[in-house]
Structure formats: structure tokens, C-alpha cells
Amino acid sequence: MAIRKSNKTSQTTVLKQILKRCSSLGKKNDYDHDALPLDVPKGHFAVYVGENRSRYIVPISFLTHPQFQSLLRQAEEEFGFDHDMGLTIPCQEVVFRSLTSTLR
């Protein structure tokens, strides 16, 4: 049972790091004083998907879904989370839209 708690704790830590990284990508004119994008509603975050890096705004609740967590693991393996390009999801847009439509 201690292993599950440890895994849950580390998973929570990783998700918090992802959200912090997503919300601290820089301060520009379209960011508020907390470095949060003005066009992203509270409780949501932006991701970039596909070859053209199309921007999608998704609810934070997606972070609890195993399918979305799988995409995040792929993103970490392919791109890492320590870069200035925003959270990039390595899949085709049609696949991403299909997946997220089932999560809503």
C-alpha cells in the first residue's frame, strides 16, 4: 500500500510541475502579472499539438485521466518539460481531438 501512495505522490508532484511550467512560460503583453495567459480561463491550461503546434485549451481535470497522462509521458520522453516551447503533445491533432472529446 505504501507503494501506491508513493506513486500517487510522485504523480501529483509531476502534474504540479507540468502546470507550473505551463503557466510560467514567460511574461508578454498577453500574460497577467502572475505570468498566466490572459486567454486561458481559470482551471484550464494550453497545450500544443501536431506538426503545426496548434494550440488547445484544456481543463485541468484532464490531468487525472489515464489516457491524457499517457500523452504527457510521451511528451516528456520526446520533448521534456524544461523548454520554452510550451507543453507540446506528440500526436496528430485528429487523435488529440478524438481523445479529448471522450474525456469531456
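I began with burial: of the 104 residues of the protein chain, 32% count as buried, where buried means under 20% relative accessible area, exposed over 50% and partly exposed in between, with a 1.4 Å probe and protein chains only. I kept in mind that this is a predicted model, in which local features need pLDDT of at least 70 and side-chain atom pairs count only at pLDDT 80 or more, while totals for chains, interfaces and linings use all residues. Residues are numbered from 1 along each chain as its sequence is written, and side-chain values use heavy atoms, with hydrogens and water left out.

I then looked up the accessible surface, which comes to about 7,200 Å² for the protein chain, with 53% belonging to carbon and sulfur atoms; the areas come from the Shrake-Rupley method with a 1.4 Å probe. For contacts, meaning heavy atoms within 4.5 Å, I noted that residues 24 or more positions apart account for 46% of those with a separation of 6 or more.

Next I traced the elements. The protein chain has three helices and three strands, and the pattern along the sequence is α-β-β-α-β-α; these are DSSP runs numbered from the N terminus, helices being H or I of at least four residues and strands E of at least two.

I turned to the sheet, which is open, has three strands in the order β2-β1-β3, and shows mixed pairing. The edge strands, each pairing on one side only, are β2 (54-59) and β3 (88-89). Two strands are taken to pair if DSSP finds at least two bridges between them, and I found β1 and β2 antiparallel over six bridges, whereas β1 (residues 44-49) and β3 are parallel over two bridges. As landmarks I wrote down F45, which stands opposite V58 in β2, and Y48, whose bridge partner in β3 is T88.

R53 lies in the loop between β1 and β2, and its phi is near 50 degrees, a positive value in a residue other than glycine. I recorded this because most residues other than glycine have a negative phi. R53 is partly exposed, with a relative accessible area of 29%.

I then examined helix packing: α2 (residues 66-78) and α3 (residues 93-103) pack at an angle of about 145 degrees with their axes 10 Å apart, where axes are lines fitted to C-alpha atoms, for helices over the stretch in contact, and angles run from 0 to 180 degrees between N-to-C directions. Q67, F68 and L71 of α2 meet F96, L99 and L103 of α3 in this contact. Against the sheet, α3 lies across β1, β2 and β3, running at about 15 degrees to β2.

Last, I searched the whole structure for salt bridges, counting a side-chain nitrogen of Lys or Arg within 4 Å of a carboxyl oxygen of Asp or Glu, and found one. R97 forms it with E93, the closest N and O atoms being 3.6 Å apart. Both residues, R97 and E93, lie in helix α3, four residues apart, about one turn of the helix. R97 counts as partly exposed, at 41% relative accessibility. I also noted that the C-alpha atoms of R97 and Y56, which are 41 residues apart along the chain, are separated by 9.3 Å.
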